[in-house]
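Please consult the sequence and structure below.

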Amino acid sequence: MGISVHDVESVAMPVAQSAGVDVEAVNVETIGRREKLTVVVDADGGVDLDAIAELSTTLSAALDAHEAIADSPYVLEVTSPGVDRPLTLPRHWRRAKDRLVAIERTDGTSVTGRVTSSDDSEVVLDVNGSAI
C-alpha cells in the first residue's frame, strides 16, 4: 500500500515543532520500489542548511520508528520552500517582509511591490514609494 502523507505528517509535525520550524508541505511519491518523502519546512528568519540537516537526521529516526513506515523503503528529502512558493498563509506573508512579490488583486489586475508589513488580515506593499 505504501507510505501515506498522513503517516509522514503525523511524525513530521511534532519533530518539526520541537525544532522550532513549521511543516509547510509533505509529499509522498513512488519512485521504483521506494517512496520519496519530501518534507518542506520553514521558520521565521528562514532555515539554514545546518538546521535542515539536523532535522533530517531526527526526522529519519522518528520515521524509522513509526509502525506504518518502519518496514517500507524510502528516501527522505527535507527542504525549505522556494522563492516561487505561493504566499497563502499569514505566516508566509510575515516571513516575506522586505521581499519583492507579485500579486493578483481580486479585480484581476496584477501589482508588484515590496512587502513592508502584514498581519492576519492585511498585507501592505510598497509600490514605487506608495503603500497599498
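In the classification of lining residues used here, Ala, Val, Leu, Ile, Met, Phe, Trp, Tyr, Cys and Pro count as nonpolar, Asp, Glu, Lys and Arg count as charged, and the others, Gly among them, count as polar. On that basis, the lining of the largest pocket comprises 8 nonpolar, 4 polar and 6 charged residues. The model is predicted.

**Sheet**
- Three strands form an open sheet in the order β1-β2-β3, and their pairing is mixed.
- The edge positions are held by β1 (22-31) and β3 (74-79), each of which pairs on one side only.
- On average, neighbouring strands of this sheet are turned by 15° against each other, direction ignored.
- The pairing of β2 (residues 34-42) with β3 is parallel and extends over 6 bridges.
- Thr38 has Glu77 in β3 as its bridge partner.

**Helices on the sheet**
- Helix α1 (residues 5-18) packs on the sheet, where it touches β1 and β2. The direction of α1 makes about 145° with that of β1.
- Helix α2 (residues 49-65) also packs on the sheet, with β2 and β3 as the strands it touches. The direction of α2 makes about 145° with that of β3.

**Largest pocket**
- The largest pocket holds about 330 Å³ of space.
- It is lined by 18 residues, of which Gly82, Val83, Arg85, Arg95 and Arg99 are the closest to its centre.
- Two or more lining residues come from each of the elements α3 (90-95) and β4 (100-104).

Conventions
Residues numbered from 1 in each chain as written. Predicted model: local features only at pLDDT ≥ 70, side-chain atom pairs only at ≥ 80, totals over all residues. Heavy atoms only, no water. Pairing = 2+ DSSP bridges. Helix = DSSP H or I, 4+ residues; strand = E, 2+ residues; numbered from the N terminus. Axes fitted to C-alpha atoms, helices over the stretch in contact; angles between N-to-C directions. Contact = heavy atoms within 4.5 Å. 1 Å grid on protein atoms, 1.4 Å probe; cavity = no way out; pocket = protein on both sides within 12 Å on 5 of 7 lines; lining within 4 Å. Points joined across faces, edges and corners; volume = space filled by probe spheres on them.
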